[in-house]
Amino acid sequence: MDFQPPTVANTIRDAERNVTYTVMAYRALTRPELVQCVRMHMARQRKKPKKGSRITIITTFGFNEA
């Protein structure tokens, strides 16, 4: 079985910090799922993102769903 990376881009913007997050998943994500991905990403980071930055997050949401 060949591993294929996620190809569905889900975008959410933090207007307060002017940061755009693109979450790559295997399906379209709901808003709560997007927020969860961004929160998990932020919890792992030591620094806050710079204003105006764009961040890409890769997730396994939707992988192997029937």
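Which residue takes a positive phi in the hairpin of β1 and β2? N18 does, with a value near 55°, and the hairpin has four residues between the strands.

The model is predicted, so local features need pLDDT of at least 70 and side-chain atom pairs count only at pLDDT 80 or more, while totals for chains, interfaces and linings use all residues. Residues are numbered from 1 along each chain as its sequence is written, and side-chain values use heavy atoms, with hydrogens and water left out.

**Overall layout**

The protein chain holds one helix and three strands, in the order β-β-α-β from the N terminus. Helices (H or I, at least four residues) and strands (E, at least two) are DSSP runs, numbered from the N terminus. Along the principal axes, the C-alpha atoms fill a box of roughly 40 × 20 × 15 Å. The accessible surface of the protein chain is about 5,200 Å², with 51% belonging to carbon and sulfur atoms; accessible areas come from the Shrake-Rupley method with a 1.4 Å probe, and for residues only the protein chains shown count as cover.

Of the 66 residues in the protein chain, 33% are buried. Buried means under 20% relative accessible area, exposed over 50%, and partly exposed in between (1.4 Å probe, protein chains only). Among contacts (heavy atoms within 4.5 Å) between residues at least 6 apart in sequence, 46% join residues at least 24 apart.

The protein chain carries 12 positive and 5 negative side chains, and the centres of the two sets lie 12 Å apart. Lys and Arg count as positive and Asp and Glu as negative, with His and the chain ends not counted. The place of a charge is taken as NZ of Lys, CZ of Arg, CG of Asp or CD of Glu.

**Strand pairing**

Two strands pair if DSSP finds at least two bridges between them. Strand β2 takes part in both pairings listed here.

| Pair | Sense | Bridges | Residues facing each other |
|---|---|---|---|
| β1 and β2 | antiparallel | seven bridges | R13 opposite T20 |
| β2 and β3 | parallel | five bridges | Y21 and I55 |

The largest nonpolar core has eleven residues: I12, V19, Y21, V23, A25, L29, L34, C37, V38, I55 and I57. The elements giving two or more residues to this core are β2 (19–25), α1 (31–44) and β3 (54–58), and β2 gives the most, with four residues. A nonpolar core is a set of buried Ala, Val, Leu, Ile, Met, Phe, Trp, Tyr and Cys residues joined through side-chain atoms within 4.5 Å. Leaving aside neighbours within four places in sequence, L29 is in contact with N10, V23, L34, C37, T59 and F61.

D14 lies in strand β1 and counts as buried because its relative accessibility is 18%. Not counting residues up to four places away in sequence, D14 touches V19 and Y21.

E16 is found in the loop between β1 and β2 and counts as exposed because its relative accessibility is 69%. E16 and K51 are 35 residues apart along the chain, and their C-alpha atoms are separated by 8.9 Å.
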